[in-house]
Amino acid sequence: MNYLLLWQVRRLGKQKVKSINSVIASIVGAIYVCVIYIFKINFLNFAIMKILLSIVMTYVAFVPKELNKYLKIIGLFYLILILNTGAYLFLISMFNLKLNHFWVKLLVYIIGAVVIEIINSQMWKMFKINIRKENLTCTVCIKNKGKYIKYKGLIDTGNTSKDALTGKYIFYASDKKNIDLSDYKRVSIGINTVNGKKE
């Protein structure tokens, strides 16, 4: 179970680490559970101890060198843990499974891992888009007085600003020095912004 969780974190987070690290981390988690079961050490069942265990396991498995990457890995670990738990509870409640048999537990864990893999390979692609500045800008060409002028503009699919008279979309230029507006009629356009209405 521990290995499946760490394997899914490695897949989802695109972590290039050795599989042996995940095996060692999984053994650490298994030893922890065995110690609780054999020696009846109740305080190891406290939530804070389990959180510390997850921190140790993820560090052993991925050996992150930067804090922000480490926090991302831990976040992915808990996200996948929640998704796995949901998949297991669904299977148990849907098919009235009893988890008092080893093979039933193993089957549920494997099916849960398959469900998470499907989410990772198919549905998750819609959400894991890298939002970078270069991906949010494009070059806009405007024909003005027989020549084309290039501007860098932000991509904003939610922008619906239109000229009330012509119904044409509005382009906001940060620099007007290259545009000749001498033969065009000047109009005032009212725009609602977070700072109030402007023209």
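The exercises below, each with a worked solution, concern the chain shown above.

The model is predicted, so local features need pLDDT of at least 70 and side-chain atom pairs count only at pLDDT 80 or more, while totals for chains, interfaces and linings use all residues. Residues are numbered from 1 along each chain as its sequence is written, and side-chain values use heavy atoms, with hydrogens and water left out.

**Exercise 1. How many helices and strands does the chain have, and in what pattern?**

Step 1. Find the elements: helices (H or I, at least four residues) and strands (E, at least two) are DSSP runs, numbered from the N terminus.
Step 2. The chain has 5 helices and 4 strands.
Step 3. Along the sequence the pattern reads α-α-α-α-α-β-β-β-β.

**Exercise 2. Which residues of helix α1 are buried?**

Step 1. Apply the cut-offs: buried means under 20% relative accessible area, exposed over 50%, and partly exposed in between, with a 1.4 Å probe and protein chains only.
Step 2. Helix α1 covers residues 2–12, and its buried residues are L5, L6, Q8, V9, R10 and L12.
Step 3. For the chain as a whole, 22% of the 199 residues count as buried.
Step 4. Follow V9 to Y78: the two are 69 residues apart in sequence and 9.3 Å apart in space, C-alpha to C-alpha. Y78 lies in helix α4 and is partly exposed because its relative accessibility is 30%.

**Exercise 3. How does helix α3 pack against α2 and against α1?**

Step 1. Axes are lines fitted to C-alpha atoms, for helices over the stretch in contact, and angles run from 0 to 180 degrees between N-to-C directions.
Step 2. Helix α3 (residues 47–62) packs with α2 at an angle of about 160°, with the axes 7 Å apart.
Step 3. Classify the angle: under 35 degrees is roughly parallel, over 145 roughly antiparallel, 65 to 115 roughly perpendicular, and the rest oblique. Therefore α2 and α3 are roughly antiparallel to each other.
Step 4. For α1 and α3 the angle is about 60°, with the axes 11 Å apart. That makes α1 oblique to α3.
Step 5. A crossing is left-handed if the near helix is turned anticlockwise from the far one by less than a right angle, and right-handed if clockwise. The crossing of α2 and α3 is right-handed, and the crossing of α1 and α3 is right-handed.

**Exercise 4. Which element gives the largest share of the nonpolar patch?**

Step 1. List the members: Y3, I20, V23, I24, I27 and I31 form a nonpolar patch on the surface, with about 500 Å² of accessible area together.
Step 2. Helix α2 (residues 19–39) gives the largest share, 5 residues.
Step 3. Take one of them: V23 lies in helix α2 and is partly exposed, because its relative accessible area is 34%.
Step 4. Recall the geometry: an α-helix has 3.6 residues a turn, so residues three or four places apart point the same way.

Conventions: Patches are made of residues with over 30% relative accessible area and no salt bridge: like charges are joined within 9 Å, nonpolar side chains (Val, Leu, Ile, Met, Phe, Trp, Tyr) within 5 Å. Accessible areas come from the Shrake-Rupley method with a 1.4 Å probe; for residues, only the protein chains shown count as cover. A salt bridge is a side-chain nitrogen of Lys or Arg within 4 Å of a carboxyl oxygen of Asp or Glu.
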